[in-house]
Amino acid sequence: RLVGLRNAVGAAWRAVDELLAARSAALGALLAALREPLAAEVVALDTLREAGARVDEAARSLRALPVRADAAAALVAAETAFGPACTRVLALVEAE
């Protein structure tokens with residue numbers, strides 16, 4: 001039963017990991033597109049890039065063993081920082 005649960009967690013994590021990888025690729029393209037129009041807001045863009053990198057790093061750590069609680073907690077913390085950075089850049093885009 002425990003092995004079945006671990007396998008289910010692994011399968012669920014793979015689905016989430018695919019979405020995180022797609023978001024990471026899209027974020028890179030978005031940041032590249034915004035560099036010129038938001039040139040005066042380089043701090044906000046860099047903050048978002050760094051937050052995305054922390055999410056990527058936490059996801060890589062969790063990928064190796066998706067049942068590690070400490071790795072899952074690191075991903076949650078990284079995602080928590082990512083949200084406000086996204087909100088700030090979105091606000092700047094809307095104000096542009």
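How far apart should the end C-alpha atoms of α2 be at 1.5 Å a residue, and how far apart are they? The 23 residues of α2 should span 33 Å, and the end C-alpha atoms are 34 Å apart, which agrees. The expected span of a helix is 1.5 Å times one less than its number of residues.

This is a predicted model, in which local features need pLDDT of at least 70 and side-chain atom pairs count only at pLDDT 80 or more, while totals for chains, interfaces and linings use all residues. Residues are numbered from 1 along each chain as its sequence is written, and side-chain values use heavy atoms, with hydrogens and water left out.

**View 1. The largest nonpolar core.** This core has 21 residues, and L48 and L75 have the most contacts inside it. A nonpolar core is a set of buried Ala, Val, Leu, Ile, Met, Phe, Trp, Tyr and Cys residues joined through side-chain atoms within 4.5 Å; buried means under 20% relative accessible area, with a 1.4 Å probe and protein chains only. Two or more residues each come from α1 (2-34), α2 (42-64) and α3 (69-95). Helices are DSSP runs (H or I, at least four residues), numbered from the N terminus. The largest share, 8 residues, is from α2.

**View 2. Surroundings of L48.** Apart from neighbours within four places in sequence, L48 is in contact (heavy atoms within 4.5 Å) with L27, L31, F82, A85, C86 and V89.

**View 3. Helix α2 and its packing on α3.** Buried residues of α2 include A44, L45, L48, A51, G52 and V55. Their cover includes α1 and α3. The angle between α2 and α3 is about 155°, and their axes are 8 Å apart. Axes are lines fitted to C-alpha atoms, for helices over the stretch in contact, and angles run from 0 to 180 degrees between N-to-C directions. The two helices, α2 and α3, are therefore roughly antiparallel, a term for angles over 145 degrees.

**View 4. Helix α1.** The 33 residues of α1 reach 47 Å from first C-alpha to last, close to the 48 Å expected at 1.5 Å a residue. Buried in α1 are G10, W13, D17, L20, L27, L31 and L34. These buried residues pack against α2 and α3.

**View 5. D17 in helix α1.** D17 is buried, with a relative accessible area of 12%. Leaving aside neighbours within four places in sequence, D17 is in contact with A59 and R63. The C-alpha atoms of D17 and L62 are separated by 9.1 Å, although these residues are 45 residues apart along the chain.

Key:
Buried < 20%, exposed > 50% of the residue type's maximum accessible area, 1.4 Å probe, protein only. Parallel < 35°, antiparallel > 145°, perpendicular 65-115°, else oblique.
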